[in-house]
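Biologist: I have a model open and would like to go through it with you. Can we take it topic by topic?

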Amino acid sequence: STSMTTEGSRGSRRLRNSIALPLVHVCTAISLLSYHVNAEYTTVDSGDRSFLERLTLGPEYFTTMDKALFAVIILLGLELINFLAGNSGYWMNSKTIPVRGKHLDDLRSRDLLFIGISKAQTAPFAYFFTKYLVSESNVVWSLEDISLRTLLLPLPLYFIVFDFFYTSLHWALHIKAIYGFVHKHHHIQKAPSRANHDAINVHPLEFFLGEYNHLFAVYLCCHHFNLQVHALSTVLFLGIGGVLAGWNHTRFDIEFAPFGIMIFDSKAHDVHHRIPQSNYGQYTMFWDKVFGTYRSYDPKDRVNPKSQLDPKTGKSYEYAAEKSL
């Protein structure tokens, strides 16, 4: 009993450390950038407005250092989402999905280039996303306007609208005449494992279309469905979506099925990477089931023990055996 208690306290301590240390780094980086923003604020005419006030007025009111801080926050947020997606399965004691396809053990120079370009595109996307939110009359910013109706109720609609267009786009990228030019690069990885790094290892055009699909979904919800939303609901949409996309590219077996209704299942996207003409949705399989492109996960599919990943290195045992020769 004593040993179990000791082991439990050690596990809790490791969990706290694994979360606390990255958060300290993020907060430190933001604090340093905030200091520089404040230094510039004292030397330029910004109308005696704080950064948050300039943010809600729109990015066109940003000073140069405001833009630098904004970009750093977005990039740090991207890394934080990758950290959460890549580690939360361990915290939740999630089962793992056996590797059945060929794992990309070493990222090639082209993979690293495309991952870097995707990260570089994120800050400009967030800039224009914010600019749209400020101009949209159905988006409210005041903390007093936060309610269940403006913060949480819009989320399901965001995801359903997003995945309708994403599923259609993803299907189109698999058309033979287009596939080799854009989406084929992403399918070099048959067994994703690196969370968001594998998720954003895509052709720059594909990343661009996928990111701005989020803006399009919010636009349709607000402008055409006349839905009043709080700006924080769109932040939740992007943040939750980032984690879900990351889980889709890990070996974690994560499901959300409230009341027995399957909302999210990371195994569905694993099937897509092995059998590309199926499961085109990103966040939900709703539209795949409507369009008849859904393929369920079969736990009886053959598993090659040599293809499984070494938890210490994240690479396949087959790779380690080849390197040892």
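Biologist: How many salt bridges does the count come to?

Modeller: The count comes to 11 salt bridges, where a salt bridge is a side-chain nitrogen of Lys or Arg within 4 Å of a carboxyl oxygen of Asp or Glu. Bear in mind that this is a predicted model: local features need pLDDT of at least 70, side-chain atom pairs count only at pLDDT 80 or more, and totals for chains, interfaces and linings use all residues. Residues are numbered from 1 along each chain as its sequence is written, and side-chain values use heavy atoms, with hydrogens and water left out.

Biologist: Which residue does Lys119 meet in a salt bridge?

Modeller: Lys119 pairs with Glu79, at 2.9 Å from N to O. The pair links distant parts of the chain, 40 residues apart: Lys119 is in helix 4 (residues 109-135) and Glu79 in helix 3 (residues 64-91). Helices here are DSSP runs of H or I with at least four residues, strands are runs of E with at least two, and both are numbered from the N terminus.

Biologist: How exposed is Lys119?

Modeller: Lys119 is partly exposed, at 22% relative accessibility. Glu79 is partly exposed too, with 33%. Buried means under 20% relative accessible area, exposed means over 50%, and partly exposed is in between, with a 1.4 Å probe and protein chains only.

Biologist: What else is Lys119 in contact with?

Modeller: Leaving aside neighbours within four places in sequence, Lys119 is in contact with Leu75, Leu78, Glu79, His197 and Ile200. Contact means heavy atoms within 4.5 Å.

Biologist: Which residues are linked in a network of salt bridges?

Modeller: Arg251, Asp270, Arg274 and Asp301. Asp270 is buried, at 3% relative accessibility.

Biologist: New topic, aromatics. How many aromatic pairs are there?

Modeller: The count is 25 aromatic pairs. Rings of Phe, Tyr and Trp (its six-membered ring) pair if their centres lie within 6.5 Å; planes under 30 degrees apart count as stacked, over 60 as edge-to-face and the rest as tilted. One of the pairs is Phe164 with Phe291, which is tilted, at 6.2 Å centre to centre and 55° between the planes.

Biologist: Where do Phe164 and Phe291 lie?

Modeller: Phe164 lies in helix 6 and Phe291 in helix 12 (residues 286-291), so the pair ties together parts that are 127 residues apart in sequence. Phe164 is partly exposed, at 30%, and Phe291 is partly exposed as well, at 41%.

Biologist: Which residues do ring pairs link into a cluster?

Modeller: The cluster consists of Tyr132, Phe164, Phe165, Phe216, Tyr219, Phe286, Trp287 and Phe291.

Biologist: And which charged end sits over the ring of Tyr294?

Modeller: That of Lys289, 5.0 Å from the ring centre. Likewise, the charged end of Lys315 sits over the ring of Tyr319, 5.2 Å from its centre. The rule asks for NZ of Lys or CZ of Arg within 6 Å of the ring centre and within 35 degrees of the ring normal.

Biologist: Now the surface. Which residues make the nonpolar patch?

Modeller: Leu148, Leu152, Leu153, Leu236 and Ile240 make a nonpolar surface patch of about 440 Å². Helix 5 (148-152) and helix 10 (231-247) each give two or more residues to that patch. Patches are made of residues with over 30% relative accessible area and no salt bridge: like charges are joined within 9 Å, and nonpolar side chains (Val, Leu, Ile, Met, Phe, Trp, Tyr) within 5 Å.

Biologist: Where does Leu153 lie?

Modeller: Leu153 lies in the loop between helix 5 and helix 6 (154-173). Leu153 counts as exposed, at 53% relative accessibility.

Biologist: Last one: how many helices and strands does the chain have?

Modeller: The protein chain has 13 helices and six strands. Buried residues make up 42% of its 325 residues.

Technical notes
Accessible areas come from the Shrake-Rupley method with a 1.4 Å probe; for residues, only the protein chains shown count as cover.
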